[in-house]
Amino acid sequence: MDTFSLDHVQQLIEGLYSASGPDVAKGIQEQLQAIQRQQQAWELASQLLSSSSDQCRFFGALTFQIKIARDWATLPENRIDWLRHELLSWIIRSCDGPRFITTKLCLAVRKHALQRLTA
């Protein structure tokens with residue numbers, strides 16, 4: 001899966017939470033994980049955080065955390081400061097929202113800081 005639309009990803013996320021069975025959920029989860037491995041997922045994460053859906057926002061925060069942990073080397077050096085700013089901005093915007101989203105964003109910031117220290 002090389003390209004994807006935001007609408008398609010949002011439908012997959014919503015479908016994951018309303019899946020009719022474990023086989024359907026597993027298939028959706030595999031598609032979402034493939035999307036997270038794509039380079040475009042750095043920007044997708046931020047777009048998902050703009051969603052009105054808590055599930056989509058959580059998946060956006062999770063995607064940032066996964067990308068930082070697994071794909072740090074694929075983030076262009078000129079985007080490192082963008083990412084820090086993006087994460088901190090989303091934490092501020094999300095502080096009145098569900099705690100599980102804010103927590104996931106804080107974990108992503110923590111991982112970002114650790115990556116910077118070890119780079």
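Reply: The account below begins with the pocket and then turns to the aromatic rings and the nonpolar core.

This is a predicted model, in which local features need pLDDT of at least 70 and side-chain atom pairs count only at pLDDT 80 or more, while totals for chains, interfaces and linings use all residues. Residues are numbered from 1 along each chain as its sequence is written, and side-chain values use heavy atoms, with hydrogens and water left out.

The largest pocket has a volume of about 170 Å³. A pocket here is an open set of points on a 1 Å grid over the protein atoms alone, where a 1.4 Å probe fits, with protein on both sides within 12 Å along at least five of seven lines; lining residues have an atom within 4 Å of a point. The volume is the space filled by probe spheres set on the points, which are joined across faces, edges and corners. Among the lining residues are Ile13, Tyr17, Gln29, Gln36, Phe58 and Ile66. Helix H1 (6-17), helix H2 (22-36) and H4 each give two or more residues to this lining, and the largest share, five residues, comes from H4. Helices are DSSP runs (H or I, at least four residues), numbered from the N terminus. By residue type, the lining divides into eight nonpolar, four polar and no charged; Ala, Val, Leu, Ile, Met, Phe, Trp, Tyr, Cys and Pro count as nonpolar, Asp, Glu, Lys and Arg as charged, and the others, Gly among them, as polar.

Phe58, one of the lining residues, also belongs to an aromatic pair with phenylalanine 100: the ring centres are 5.6 Å apart and the planes stand at 50 degrees, so the pair is tilted. Rings of Phe, Tyr and Trp (its six-membered ring) pair if their centres lie within 6.5 Å, and planes under 30 degrees apart count as stacked, over 60 as edge-to-face and the rest as tilted. The pair links distant parts of the chain, with phenylalanine 58 in helix H4 (residues 54-71) and phenylalanine 100 in helix H6 (residues 99-118), 42 residues apart. Phenylalanine 100 is partly exposed, at 43% relative accessible area (buried is under 20%, exposed over 50%, partly exposed in between, with a 1.4 Å probe and protein chains only).
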